[in-house]
Amino acid sequence: MRAIRAIIAKEMADILRNRTLMFSSLLPSVLFLIIPLMIGRSAMRGRSGQLSPGQMGEIIVRMSPDLKDLPAAALGQIFIFRQFVVFMLMIPVITALAIASHSIIGEKQTRSLEPLLATPITSVQLMLAKSLSAALPSVFLTWILFGVY
């Protein structure tokens, strides 16, 4: 267990040091957060293409009758935000893939993969540590962004 924690700590330090990796993980996440907000604001000003806020409200009330007492503008915003919530499911996938690919490729480039493989840990421990070091930051980032969303 100590070896797994040591590898995860090393990977986290590498992630925080690598600005390119941080940028490639945070940029899509921030875009997925900003795009629905911008579309929601423009839709409420009447600049949306097809549906008016009233029509969006009717769709939402049909799907969730308990929201019928809300104003049309609020129902329109709920409609927009429900359409883009799928983006939040893509954040952990994109972030974990970026971190995992950098984890192996970065170690190969810095020539630290061979010494890591020579350490007295099993393949299962190494795989578990590498997997957790990619999954934990991506899930944490998703929780934060979903809370902001």
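In which helix is Leu-27 found? Leu-27 sits in helix α2, residues 19–44, where helices (H or I, at least four residues) and strands (E, at least two) are DSSP runs numbered from the N terminus. The model behind this is a predicted one, in which local features need pLDDT of at least 70 and side-chain atom pairs count only at pLDDT 80 or more, while totals for chains, interfaces and linings use all residues. Residues are numbered from 1 along each chain as its sequence is written, and side-chain values use heavy atoms, with hydrogens and water left out.

Starting with the overall picture, the protein chain holds seven helices and zero strands. Read from the N terminus, its elements go α-α-α-α-α-α-α. The C-alpha trace spans about 65 × 30 × 20 Å along its principal axes. The radius of gyration of the protein chain comes out at 21 Å, whereas a compact globule of 149 residues would have one near 15 Å; the radius is taken over C-alpha atoms, and the globule rule is 2.2 Å times the number of residues to the power 0.38. Of the 149 residues, 30% are buried. Here buried means under 20% relative accessible area, exposed means over 50%, and partly exposed is in between (1.4 Å probe, protein chains only).

Leu-27 is partly exposed, with a relative accessible area of 38%. Together with Phe-23, Leu-31, Ile-35 and Ile-39, Leu-27 makes a nonpolar surface patch of about 410 Å². Patches are made of residues with over 30% relative accessible area and no salt bridge, with like charges joined within 9 Å and nonpolar side chains (Val, Leu, Ile, Met, Phe, Trp, Tyr) within 5 Å. The areas come from the Shrake-Rupley method with a 1.4 Å probe, and for residues only the protein chains shown count as cover. An α-helix has 3.6 residues a turn, so residues three or four places apart point the same way.

Helix α4 (residues 72–84) has 13 residues and reaches 19 Å from its first C-alpha to its last, close to the 18 Å expected at 1.5 Å a residue; the expected span is 1.5 Å times one less than the number of residues. Its buried residues are Leu-75, Gly-76, Phe-79, Ile-80 and Phe-84. Helix α5 (residues 86–109) has 24 residues and should span 34 Å, which agrees with the 35 Å between its end C-alpha atoms. Even so, α5 has a kink of about 25 degrees centred on Ser-103, the bend at a residue being the angle between axes fitted to the seven residues ending there and the seven starting there. Ser-103 itself counts as buried, at 4% relative accessibility. Just after α5, Arg-111 takes a positive phi of about 60 degrees.

That leaves the charged residues. Side chains of opposite charge can pair when their charged atoms come close. A search of the whole structure turns up six salt bridges, each a side-chain nitrogen of Lys or Arg within 4 Å of a carboxyl oxygen of Asp or Glu. One of them joins Lys-10 and Asp-14, at 3.1 Å from N to O. Both residues lie in helix α1 (residues 2–17), four residues apart, or about one turn of the helix. Lys-10 is partly exposed, at 32% relative accessibility.

Lys-130 has two partners to discuss. With Glu-11, Lys-130 forms a salt bridge whose closest N and O atoms are 2.6 Å apart. Lys-130 lies in helix α7 (residues 123–148) and Glu-11 in helix α1, so this pair ties together parts that are 119 residues apart in sequence. Lys-130 counts as buried at 9% relative accessibility, and Glu-11 is buried at 3%. Lys-130 also meets Glu-107 in a salt bridge (2.5 Å, N to O). This second pair links distant parts of the chain, with Lys-130 in α7 and Glu-107 in α5, 23 residues apart. Glu-107 is buried, as is Lys-130. Through shared partners, salt bridges join Lys-10, Glu-11, Asp-14, Arg-17, Glu-107 and Lys-130 into one network.

Glu-11 also has C-alpha distances to report on other parts of the chain. Leu-132 is 121 residues from Glu-11 in sequence and 9.7 Å away in space, C-alpha to C-alpha. Ser-103, where the α5 kink is centred, is 92 residues from Glu-11 along the chain, with 7.3 Å separating their C-alpha atoms.
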